[in-house]
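User: Hi, I have a protein model open and would like to talk it through. Could you help me read it?

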Amino acid sequence: MTAAGPEFLLIRIVGNDLEPRHRAGQSRDNLRFILENEPPLPGCAKRFLLNRIVDGAEEARLTALLAEHGQAPIRLAFDPAAYRHAGWETGRIPAGLLEGRGLGRLDAETAARLWHSTWARKNRAVMNNNGARNAALAAGRAAGADWILPWDGNCFLTAEAWAALRAAVLARPDLPCFVTPMARIAENADLLAPGFAPEAAEEPQILFRRDAAEAFDPAFAYGRRPKVELFWRLGIPGPWDKWKDDPWDPPRRPPSPDRGRFGTAGWVARLASGKEHLEQADFASFKARGVARREGIAASLAALDARLAPAPDPLGLTCYATEAIDGLDGALFAAVEAAAAEALTRGPFSVADKTTLPPGRNRRDYWHPAPYWWPNRWIPGGLPYVQRDGERVPGTRMYEPASEAFDRTRLQRLFDDTTALALAFRRGGRADFAEHAARNVAVWFVAPETRMTPHLRYAQVRRGRNWNQGTGAGIIEFKDLYYFLDAVRILDAGGALPEAVRAGLADWLGAYLRWLETSRQGVRERAARNNHGAYYDLQCAAILAWLGEREALRRVLIRAETRLASQIRSNGIQPEEMKRKTTAHYVFFNLQGWLNLLRLGRRTGLLDPDLTDGPWSRLAAGVGWALAQDVAAWPWPQIDPFDAARAAPLAAHAADLGLPVPDATLAAAGAAKPVFDPHDGVPPFWPLALTPARRGPR
């Protein structure tokens with residue numbers, strides 16, 4: 001011992017068990033084994049650090065176990081609020097990788113590493129791997145120890161291993177750090193045999209002299225080389241010298257001024273993980289450990305996300321709010337009921353009802369020509385068609401008589417009528433509303449003679465191009481699926497949706513999602529850099545939320561987050577939307593889509609981003625920019641009339657989601673109309689998407 005403190009201070013870091021990498025309760029069992037069986041280590045004091053244990057009962061058990069052996073732990077508390085707002089790590093993912101074809105070109109192992117990397121912020125907020133090591137280093141220095149061992153909680157030293165370690169360190173006190181090779185142990189009891197000395201060839205632990213300048217890089221999260229990063233910096237050789245970085249990995253720090261100034265001291269045992277097949281000293285086991293570690297991190301964090309998420313909507317709604325619907329009254333209720341009564345006079349709707357056939361000649365294929373593509377007046381026959389931006393082809397404007405030739409109008413009727421019927425049924429209880437809404441669902445999606453084939457191959461066809469198939473842009477015609485599925489949820493919760501219809505709709509949505517993900521049109525739309533990309537993600541997210549596929553939904557929301565940098569600049573300008581001839585429309589339309597997507601992410605408990613910093617601050621900037629403009633004196637191209645009242649739902653929805661909104665704009669929202677043109681991207685009866693305190697007109 002020195003006068004200031006212990007000669008050596010071993011601080012072991014005890015963290016959370018991660019299944020399937022570890023057996024549940026293994027950390028506590030290993031701690032008990034250490035406390036009961038590890039011999040005294042001459043010249044060394046022992047401490048334990050409890051590192052962000054998420055289960056309060058388990059932390060209490062660990063604390064009690066330590067108290068039984070006269071130990072008071074160093075405690076790094078888990079902060080649920082900090083975890084909820086940690087967000088995902090997306091900043092280093094190459095631009096366009098998730099939206100384009102690049103992801104599909106990655107091999108399975110690389111793709112798995114990519115998705116694992118997106119957990120890094122949450123990983124650091126819980127596992128805090130290098131953060132805890134640095135905290136142990138700081139505690140050791142504060143205690144005045146000459147040598148500090150900030151080691152993993154499953155490390156165990158036999159008397160012989162300690163003697164060898166101490167002798168090596170004291171023989172070279174001029175070196176600032178030492179590495180101690182590790183031996184994996186399948187059975188902890190083996191360590192109690194006299195003279196037990198396994199081969200120690202695994203990734204070592206590091207110990208530091210009190211005045212060593214080095215520390216661990218907290219940017220490196222558990223499961224992706226957190227300790228190895230310091231090996232690289234210090235020049236500690238090993239198989240990691242051949243490892244390559246992924247583009248999304250944190251950058252390595254430059255070589256340390258102390259590079260090469262280290263020694264090797266003794267050996268240490270790594271206690272059992274409870275998974276013996278993962279503890280073998282071969283390459284297959286090494287690879288399997290990596291896979292199990294990633295799976296353990298993802299499973300643990302996904303479970304924690306679900307545990308800490310705000311209470312879901314009682315009906316599982318992702319657009320509307322059950323509480324708002326159940327409190328519906330006054331003028332807004334009258335408007336909903338009137339729309340439902342009108343909906344009783346038409347439908348049920350089917351793609352088989354159109355008066356023309358799509359190019360594929362199958363009446364059950366959805367069919368709609370591209371609205372801005374016209375015959376080429378300079379070529380006999382007019383083929384191929386040419387674009388006239390902002391000028392619609394007759395029949396492509398919704399509700400006009402000629403639109404009966406195609407499917408766009410009846411699709412919108414399906415979405416809007418079913419929604420009005422379901423909302424009125426929920427509030428007023430009329431069975432005829434529910435029955436008609438359920439028929440709408442069954443006829444369009446389930447009945448064999450009338451159901452739409454689950455693709456949009458002939459949406460927005462440009463004659464003479466693409467073999468008369470549609471384009472990716474046609475997928476946006478299904479943009480309102482997100483609120484329609486809320487209507488179906490309301491019917492289902494009210495016992496008005498037959499199980500066969502619900503199952504048939506789920507099958508249809510699954511098939512349609514596969515087409516979205518794999519078809520030529522779907523792949524192109526996913527890569528769109530303008531509003532089409534955002535609305536593509538909204539469709540995919542709505543389907544996955546309905547199907548309950550949370551990990552796939554998480555990945556869609558992550559993909560959406562990576563779009564923000566290309567869609568909205570930090571100053572709020574939307575460069576792609578400002579290229580159009582109807583700029584005011586597209587600026588507001590795109591922002592409304594993003595708010596719909598953010599709400600869905602919040603309602604499902606998978607998205608709670610920081611709106612003041614990082615990717616989602618761009619949405620706040622975009623909303624702020626749009627609401628600051630005088631739409632009556634809009635100085636950019638806008639060849640069609642623009643409804644200035646669209647600022648009302650944008651402002652109200654943004655404020656409800658926590659984005660800053662000018663008080664005057666928000667105040668004006670209370671008098672706004674409840675239904676907008678479907679082209680505007682505003683859900684019908686939009687105040688019912690708000691929390692009751694912010695519903696606006698009643």
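User: Okay, what kind of model is it, and how many helices and strands does the protein chain have?

Analyst: This is a predicted model, and its protein chain has 23 helices and 13 strands. Taken along the principal axes, the C-alpha atoms fill a box of roughly 95 × 55 × 50 Å.

User: And what share of the residues is buried?

Analyst: Of the 698 residues in the protein chain, 56% are buried. If you look at contacts with a separation of 6 or more, 76% of them join residues 24 or more positions apart.

User: Which residues have the most contacts inside the largest nonpolar core?

Analyst: That core has 121 residues, and the ones with the most contacts inside it are Trp444, Phe478, Leu619, Leu659 and Leu688. Apart from it lies another core, made of 36 residues, with Ile34, Cys44, Leu149 and Trp267 among them.

User: Let me pick the tryptophan, then. What does tryptophan 444 touch?

Analyst: Setting aside residues up to four places away in sequence, tryptophan 444 touches a list that includes Phe349, Tyr366, Leu411, Met452 and Phe478. Asp407 and Arg410 are also among the residues that tryptophan 444 touches.

User: Now the helices: at what angle do H14 and H16 cross?

Analyst: The axes of H14, residues 431-445, and H16, residues 499-518, come within 10 Å and cross at roughly 45°. That angle is why H14 is described as oblique to H16, and the crossing of the two is left-handed.

User: Which residues make the contact?

Analyst: From H14 there are Val441, Ala442 and Phe445, while H16 brings Val501, Gly504, Leu505 and Trp508. Sorted by class, the contact of H14 with H16 has six nonpolar residues, one polar residue and no charged residues.

User: Changing topic, where is glutamine 638?

Analyst: Glutamine 638 sits in the loop between helix H21, residues 617-627, and helix H22, residues 647-656. Leaving aside neighbours within four places in sequence, glutamine 638 is in contact with Lys581, Thr582, Thr583, Ala584 and His585.

User: What separates the C-alpha atoms of glutamine 638 and tryptophan 151?

Analyst: Those two C-alpha atoms are separated by 64 Å, and the residues are 487 residues apart along the chain.

User: On to the backbone. Which kind of peptide bond runs from glycine 347 to proline 348, cis or trans?

Analyst: The bond from glycine 347 to proline 348 is cis, with omega near -5°, and proline 348 lies in the loop between helix H12 (330-343) and strand E10 (367-369). The bond from leucine 383 to proline 384 is cis as well, with omega near -5°, and proline 384 lies in the loop between strands E11 (373-374) and E12 (386-387).

User: Why mention those at all?

Analyst: Because most peptide bonds are trans, and most residues other than glycine have a negative phi.

User: So what is phi for arginine 225?

Analyst: Arginine 225 has a positive phi of about 65° although it is not a glycine. Arginine 225 lies in the loop between strand E7 (202-209) and helix H9 (228-234).

User: Is arginine 225 buried or exposed?

Analyst: Its relative accessible area is 14%, and the cut-off for buried is under 20%, so arginine 225 is buried.

User: And what about phenylalanine 685, where does that lie?

Analyst: Phenylalanine 685 lies in the segment after helix H23, residues 663-668, and has a positive phi near 55°. At 5% relative accessibility, phenylalanine 685 also counts as buried.

Key. Residues are numbered from 1 along each chain as its sequence is written. This is a predicted model: local features need pLDDT of at least 70, side-chain atom pairs count only at pLDDT 80 or more; totals for chains, interfaces and linings use all residues. Side-chain values use heavy atoms; hydrogens and water are left out. A nonpolar core is a set of buried Ala, Val, Leu, Ile, Met, Phe, Trp, Tyr and Cys residues joined through side-chain atoms within 4.5 Å. Buried means under 20% relative accessible area, exposed over 50%, partly exposed in between (1.4 Å probe, protein chains only). Contact means heavy atoms within 4.5 Å. Axes are lines fitted to C-alpha atoms, for helices over the stretch in contact, and angles run from 0 to 180 degrees between N-to-C directions. Helices (H or I, at least four residues) and strands (E, at least two) are DSSP runs, numbered from the N terminus. Angles under 35 degrees count as roughly parallel, over 145 as roughly antiparallel, 65 to 115 as roughly perpendicular and the rest as oblique. A crossing is left-handed if the near helix is turned anticlockwise from the far one by less than a right angle, and right-handed if clockwise. Ala, Val, Leu, Ile, Met, Phe, Trp, Tyr, Cys and Pro count as nonpolar, Asp, Glu, Lys and Arg as charged, and the others, Gly among them, as polar.
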